[in-house]
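Let's take a walk through this structure, one stop at a time.

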Amino acid sequence: MSEFETVEVTGVPAGAKVLDVREDYEWAEGHAAGAVHIPMGDIPQRLEELDPDEDTYVICRTGGRSAQIAGWLVGQGYSAFNIAGGSGAWLEAGLPMKSENGQDPTVR
């Protein structure tokens, strides 16, 4: 795994590409508005969906999976950042979230 930078949720620039690597059921319950969803296990097969020249901010539930993927992406030549605290911190910060299940967004 390569070196990568970790940023707080409030440090993610407006309009940044946010990559959510959680599982489908987690995504459905609540995710950052505008995020792209590719589950962690699918990243190698779907790598072409990401632009190596675009900054990608990787998020999961608490920051562990996203740290692994951010490091892996940097090792592949991509510009990637880990979002500290994950979706839980995103929700707590009051940043925009959506759900896919018709209920208020939640993270668990």
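Start at Asn82. Leaving aside its neighbours within four places in sequence, Asn82 is in contact with Phe4, Glu5, Thr6, Val7, Val58, Gly63, Ser66, Ala67 and Ala70, where contact means heavy atoms within 4.5 Å. Before going on, a word on what you're looking at: this is a predicted model, in which local features need pLDDT of at least 70, side-chain atom pairs count only at pLDDT 80 or more, and totals for chains, interfaces and linings use all residues. Residues are numbered from 1 along each chain as its sequence is written, and side-chain values use heavy atoms, with hydrogens and water left out.

Is Asn82 buried or exposed? Asn82 is buried, because its relative accessible area is 5%; the cut-offs are under 20% for buried, over 50% for exposed and partly exposed in between, using a 1.4 Å probe and protein chains only. The side chain of Asn82 also reaches the backbone nitrogen of Ala67 at 3.1 Å.

Asn82 sits in strand E6, which covers residues 80–83. (Strands, E, of at least two residues and helices, H or I, of at least four are DSSP runs, numbered from the N terminus.) Along E6, Ala80 and Asn82 point one way while Phe81 and Ile83 point the other way, and all are buried.

Now look at what E6 pairs with; strands pair if DSSP finds at least two bridges between them. Strand E1 (residues 5–7) runs parallel to E6, joined by three bridges, and Glu5 has Phe81 as its bridge partner. Strand E5 (residues 56–59) is also parallel to E6 over three bridges, with Thr56 partnered by Ala80. To get from E5 to E6, the chain passes through helix H2 (residues 64–75), in a right-handed β-α-β crossover. Right-handed here means that, with the strands pointing away from the viewer, the path from the first strand over the helix to the second runs clockwise.

Which residues of H2 are buried? They're Ser66, Ala67, Ile69, Ala70, Gly71 and Leu73, and they pack against strand E2 (17–20), E5 and E6. Just after H2, Gly77 takes a positive phi of about 95 degrees.

One last stop: Arg46, in the loop between strand E4 (36–37) and E5. Arg46 is partly exposed, because its relative accessible area is 26%. Its side chain makes a polar contact with the side chain of Glu49 (2.8 Å).

How values were computed: A polar contact is a pair of N or O atoms within 3.5 Å; within protein, one must be able to donate a hydrogen and the other to accept it, and residues adjacent in sequence count only if both atoms are side-chain atoms.
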